[in-house]
Amino acid sequence: MRSDPREYELVAPGNLRTVVELLARSPGEWLPVAGGTDIMVQYAAGKLPSRKLVSVWNLPELRSIEVLPDEILIGAGSTYTDIREHEVIAQEFSMLARAASWTGGIANQNRGTIGGNIVNASPAADSLPALLAYDAELILVSVRGERRLPYAGFHTGYKKMRLAPDELIQTICLPRKFSGYVCRARKVGSRNAQAISKVCLAALGRVAVTAAGKTIEDARIALGSVSPVPLRLRETERMVNGEIIDALLVRRARQAAITEIKPIDDIRSTAKYRAAVAGNLVEEFLNLLADAKGVSNVLATWNLAHADTAAAQILPCCGSKRWAHEMAVLRPFNDEPALMAASDETWRNLNEVDWIEAFNSHPRIGESKGQGGTHSSDAWSRQEQKKVTEADDAVKIALADGNRAYEEKFGRIFIICATGKSASEILEILQRRLWNDVATELHEAAEQQRQITRLRLKKWLQG
Ligand SMILES: Cc1cc2nc3c(=O)[nH]c(=O)nc-3n(C[C@H](O)[C@H](O)[C@H](O)COP(=O)(O)OP(=O)(O)OC[C@H]3O[C@@H](n4cnc5c(N)ncnc54)[C@H](O)[C@@H]3O)c2cc1C
């Protein structure tokens with residue numbers, strides 16, 4: 001039964017240090033309150049475990065979202081609105097952004113926090129399956145310092161967790177390693193908005209296309225509302241990882257998922273219904289993977305490489321070291337269009353010295369080795385100039401004369417995107433461009449190099 005509000009004490013120290021000191025003085029006596037969306041429900045039901053409340057709402061140390069090269073750090077006091085409006089979360093952790101967007105109504109999203117969702121520890125909490133699938137880690141803080149632990153295993157049983165009475169969740173860390181994954185987030189409830197999940201799913205996976213078919217390289221499937229704690233379906237994942245997706249595998253995985261969960265009957269649903277829905281959701285996810293375009297393994301691996309290695313690997317596509325370095329810094333890329341767009345933008349923003357470095361990595365038209373080229377760029381050049389090697393001697397001689405005239409006038413080699421062009425076409429273009437002024441020719445050569453880089457990136461992605 002609800003008691004007189006005057007029997008409660010609420011303090012708001014306004015900084016993290018004072019809050020953890022207060023919690024340490026008499027562990028378990030003070031109850032942290034963030035947005036209060038769960039606490040107010042408990043209060044109304046007369047079920048608050050303490051009458052002493054300490055506010056952690058809007059503490060600057062808990063309410064920031066920091067994007068680092070390898071991970072994103074979400075303050076536990078970030079609200080659902082903070083999360084769903086964050087650009088990098090929306091792009092790279094879209095299942096968490098979606099879960100935030102379907103948690104309660106707008107007022108609830110402005111107030112409810114992700115830290116509160118974790119500690120409230122409802123098996124039906126919407127953000128938790130996404131945290132499981134994304135391999136989230138938690139940073140806990142107390143006067144004793146910070147400790148970092150995987151979110152998987154944090155909840156040990158119904159409403160039980162590895163959080164000491166004097167500790168707060170400070171940060172949720174998400175590794176930025178899921179570029180190129182296909183993801184599926186689904187909430188099944190009585191209606192879309194303002195309903196607690198009967199079952200919810202967060203699943204992501206990466207497939208590789210081989211001659212034998214589409215192989216599941218890494219499937220990560222997490223479900224809510226099907227056991228006392230949000231559940232990662234490790235057995236089902238083990239069954240499908242490394243396998244070629246076909247109808248039989250999907251059927252077996254559906255059955256494995258149903259066996260792995262422990263749903264119960266409650267006021268919102270029955271165990272039988274939940275099992276059937278969980279099976280459907282897993283099946284739907286695997287069918288989505290089966291339809292997915294195989295993500296380039298090259299891109300997925302390159303996204304994870306050390307920055308220097310990544311720059312060295314992509315360098316032959318262009319030839320400019322600054323372009324390669326900046327592309328490595330801009331990772332991760334989710335797909336080919338994103339890579340191409342970044343390549344164009346980076347190339348346009350380089351200066352003349354960088355452009356000329358790229359031009360000089362090519363062999364002259366009609367020759368097979370460039371001054372600054374690498375093994376793979378020389379091999380690509382041979383393919384690009386294939387039609388030139390088939391030309392008759394008169395055209396080859398005219399091209400060599402044209403190259404000499406060009407170098408005398410512009411002080412560097414002639415660059416053209418030769419793919420698909422015959423030697424005579426190239427000769428005609430060379431003779432026309434010899435009439436360009438220096439500035440026009442620089443930009444024309446840069447545009448040709450941009451096109452060459454795009455074609456090489458496509459080849460590079462194919463491995
Ligand atoms: C109308 C309504 C609709 C809802 N709909 C949904 C829904 O669709 N899906 C869903 O998942 N949830 C839903 N919820 C539940 C709720 O909004 C979430 O669980 C919310 O994330 C709780 O966050 P909070 O900041 O309000 O937590 P609070 O109520 O302030 O606290 C909840 C618990 O977390 C502890 N706590 C808070 N922050 C910390 C911290 N940093 N460190 C340690 N302990 C902490 C508190 O001590 C308390 O035990 C709904 C709630 C309401 C009232």
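In which handedness of crossing does α13 pass α14? The crossing of α13 past α14 is right-handed, a term that applies where the near helix is turned clockwise from the far one by less than a right angle, the anticlockwise case being left-handed.

## Basis of the description

The model is predicted, with local features requiring pLDDT of at least 70 and side-chain atom pairs counting only at pLDDT 80 or more, whereas totals for chains, interfaces and linings use all residues. Residues are numbered from 1 along each chain as its sequence is written, and side-chain values use heavy atoms, with hydrogens and water left out.

## Helices α13 and α14

Helix α13 (residues 307-314) and helix α14 (residues 321-330) have axes that come within 8 Å and cross at roughly 130°; helices here are DSSP runs of H or I with at least four residues, numbered from the N terminus, and axes are lines fitted to C-alpha atoms over the stretch in contact, with angles from 0 to 180 degrees between N-to-C directions. α13 and α14 are therefore oblique to each other, since angles under 35 degrees count as roughly parallel, over 145 as roughly antiparallel, 65 to 115 as roughly perpendicular and the rest as oblique.

From α13, Ala307, Ala310, Ala311 and Ile314 make the contact with Trp323, Ala324, His325, Met327 and Ala328 of α14, contact meaning heavy atoms within 4.5 Å. By class, this contact of α13 with α14 holds 8 nonpolar, 1 polar and no charged residues (Ala, Val, Leu, Ile, Met, Phe, Trp, Tyr, Cys and Pro count as nonpolar, Asp, Glu, Lys and Arg as charged, and the others, Gly among them, as polar).

## Helices α15 and α21

Helix α15 (residues 336-348) packs with helix α21 (residues 438-461) at an angle of about 150°, their axes being 10 Å apart. That angle makes α15 roughly antiparallel to α21, and the crossing of the two is right-handed.

Residues of α15 in this contact include Glu336, Asp344 and Arg348, which α21 meets with residues including Arg450, Arg454 and Lys458. The contact of α15 with α21 divides into 7 nonpolar, 3 polar and 6 charged residues.

## Ligand surroundings

The ligand is surrounded by 27 residues, of which Pro32, Thr37, Asp38, Tyr80 and Thr113 are the closest.

How values were computed:
Near = heavy atom within 4 Å.
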